[in-house]
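Reader: Could you take me through the words used for this model, and show how each value is set against its definition?

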Amino acid sequence: MVLKTLNFVLPGRSVKLLGAGRTDARVSAIDFGAQLVLKGRPLTDLDAFQKDINKNLPADIELVSVIPVSKDFNAIRDSISKTYRYYFSFGTKPHPFCAPFLGYFPGFLDIERMKKAASAFVGTHNYQGFIVQPGPAAQLIRKITRCELSLNNELTASFFPEQTYYLDVAGPGFGRNQVRLMVAALVALGRGELLEESLKMALLTGTSTGVKQIAPSSGLHLLEVQMEIPSH
């Protein structure tokens, strides 16, 4: 949709758009970065360009800033850290209006046990068991700099359950469905279906935890993308 809008606002220009990463369908992005490459003359009035783009984008997308970069910049390579946040509730089924924002898990979850186990992800581990169908060139050894489970007081609405939670996960990069599979493993642990020792072994050896489910995509939000932007 952003690319379509760019082609409309910049008719006749050769437009290339490079995103800082990919997300699954129905995943929200609170903060995202994309690199616009234009052939020919540079944009002269960035404020007017930003206003023109926002006027033509749909209501659920906003261009918050436009920053000139050098020719050496690459939105993928120079993305140094991403933070994902997974919002969820458990127990009684929530109001249907929650569906676009929260993952829902029926039954009881031992939140304190999940909080303790979340720290096992921090560090450099083999995530083969947490990446869906990794290809031959897939990066399986990945680093997680933060993984914390908290009571949610950040995203609220009148139709939300009384208590909701979120898992924050930060790192330089993530494999396909990695965060959703990490959440699914913690949910299995919170249900008593997975031992913390089994989770740690999976991260050490790259084997599967045996958890077959994957957390719903709607609870996942790309919270922040940090980029190293060289001076232009």
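Reader: What makes the crossing in which H3 passes H4 right-handed or left-handed?

Author: In this predicted model, H3 passes H4 in a right-handed crossing, a crossing being right-handed if the near helix is turned clockwise from the far one by less than a right angle, and left-handed if anticlockwise. Helices are DSSP runs (H or I, at least four residues), numbered from the N terminus.

Reader: Why are H3 and H4 called oblique to each other?

Author: Their axes, which are lines fitted to C-alpha atoms over the stretch in contact, with angles running from 0 to 180 degrees between N-to-C directions, cross at roughly 135° and come within 8 Å. Angles under 35 degrees count as roughly parallel, over 145 as roughly antiparallel, 65 to 115 as roughly perpendicular and the rest as oblique, and H3 and H4 are therefore oblique.

Reader: How do you know that Asn177 is buried or exposed?

Author: Buried means under 20% relative accessible area, exposed over 50% and partly exposed in between, with a 1.4 Å probe and protein chains only; Asn177 has 12%, so Asn177 is buried. Asn177 is found in the loop between strand E9 (165–171) and helix H4 (178–190), a strand being a DSSP run of E with at least two residues.

Reader: Which residues is Asn177 in contact with, leaving aside its neighbours within four places in sequence?

Author: Contact means heavy atoms within 4.5 Å, and Asn177 is in contact with Asp24, Phe130, Val132 and Ile214.

Author: Residues are numbered from 1 along each chain as its sequence is written. Local features need pLDDT of at least 70 and side-chain atom pairs count only at pLDDT 80 or more, while totals for chains, interfaces and linings use all residues, and side-chain values use heavy atoms, leaving out hydrogens and water.
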